Amino acid sequence: MDIYRKYVTYSVDDFLDLHNLAFLDSSKSTKGTFAQSLKRIEKVYGKPLQELNLDFLRGAEAFMKKLEDSEYSPNTILTTYTQVLKVLKMIDAPLNTYSQYVKILKEKTSERDELDKLKVDLSKETLIPYDTMQEKVISKIEEYSEEEDYYQLRNYIILMLFVLQIPVRISNYTKMKITNRLEDTSDKNFNWLFVSNKSDALVMWVFNKYRTAVNLGTKEVVVTDDRLKEFLKFYIDVFDLKGYLFPKDIYTTKIRPMIAKDIQSSIMLSTYKLFEKALSVEQIRASYMMRVAQIDPDFESKMEIASIMGYSNTLKMEMYE
């Protein structure tokens with residue numbers, strides 16, 4: 001007899017209803033994480049949940065392998081796996097089945113934590129101090145103010161975004177659009193750079209789409225560094241940019257935005273030119289976190305920084321203390 005027979009035809013919405021009954025006091029973000037995880041399982045298997053015969057509940061190791069063979073990051077995989085534990089609880093799965101899933105989750109979490117620690121230890125030995133990067137980038141502002149080559153200027157200003165303000169994830173800037181109308185930024189399909197044409201001279205990032213948006217919602221981050229603010233305006237005006245902030249090429253009839261690998265390549269090219277060492281965005285973010293650790297801000301400030309960087313807590317930052 002199939003112990004899951006009652007739930008075999010359950011859709012995502014059916015499991016969401018069951019979740020809401022089982023966890024009456026759960027927050028909107030908790031419900032969102034659960035829903036996203038179920039939809040992710042559908043993408044991994046390539047079928048709607050009700051057509052999977054609950055295969056993801058029929059083998060702890062097989063399900064983990066299925067996730068690891070996908071395009072998702074280790075953290076996303078662990079989040080998805082954790083939500084499946086909730087499903088097993090809700091449908092009152094046998095204890096030995098639940099225990100198998102818990103065992104795999106603990107093993108993979110431990111592996112992830114050890115790897116993260118190793119990466120941190122290695123990066124500390126090779127990072128350029130964040131203050132040094134800032135000084136070098138600032139020293140080149142006048143030189144790049146005379147730059148006429150689109151690609152050189154674009155690459156430089158992309159580096160500024162990660163060095164003169166809190167460095168967010170690359171994905172925050174892919175398909176980034178420009179507007180001077182605040183109402184445009186409510187379009188959740190894009191992230192936006194809002195440049196006010198009023199006397200307040202407000203320049204602000206509006207992040208609708210980023211890795212933890214389902215939990216944290218839209219993030220509005222005002223550009224407070226005057227040098228970056230003015231250079232963004234200068235860059236937009238010089239190349240008469242409309243639509244996307246970072247076109248891959250402005251000399252074609254069809255304008256396409258840079259994608260993540262393009263921005264990563266841009267960062268590596270510009271850091272090699274300035275520091276004679278190609279750096280990844282993750283290395284720049286690590287340098288920033290080391291500087292934050294040295295300043296040792298209060299917990300509330302740490303949480304705000306972590307939130308802007310795309311983390312739901314301060315654990316990643318604390319690894320650099």
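Tutor: Contact here means heavy atoms within 4.5 Å. The model is predicted: local features need pLDDT of at least 70, side-chain atom pairs count only at pLDDT 80 or more, and totals for chains, interfaces and linings use all residues. Residues are numbered from 1 along each chain as its sequence is written, and side-chain values use heavy atoms, with hydrogens and water left out.

Student: What covers the buried residues of helix 11?

Tutor: The cover includes helix 6 (130-139), helix 7 (141-144), helix 8 (150-163) and helix 12 (281-295). Helices are DSSP runs (H or I, at least four residues), numbered from the N terminus. Among the buried residues of helix 11 are Asp 262, Ile 263, Ser 270 and Phe 275.

Student: How do you know that the buried residues line one face of helix 11?

Tutor: Seen down the axis of helix 11, they fall within an arc of 165° (taken from the directions from the helix axis to the C-beta atoms), so they line one face. On the other side, Lys 261, Leu 269 and Tyr 272 are exposed.

Student: Why is Arg 40 called buried?

Tutor: Buried means under 20% relative accessible area, exposed over 50%, and partly exposed in between (1.4 Å probe, protein chains only). Arg 40 has 16% relative accessibility and therefore counts as buried. Arg 40 lies in helix 2 (residues 28-45) and touches Tyr 72, Thr 76 and Thr 80, not counting residues up to four places away in sequence.

Student: What makes Glu 276 exposed?

Tutor: Its relative accessible area is 69%, so Glu 276 is exposed. Glu 276 is found in the loop between helix 11 and helix 12, and has a positive phi of about 55° although it is not a glycine.

Key: Helix = DSSP H or I, 4+ residues; strand = E, 2+ residues; numbered from the N terminus.
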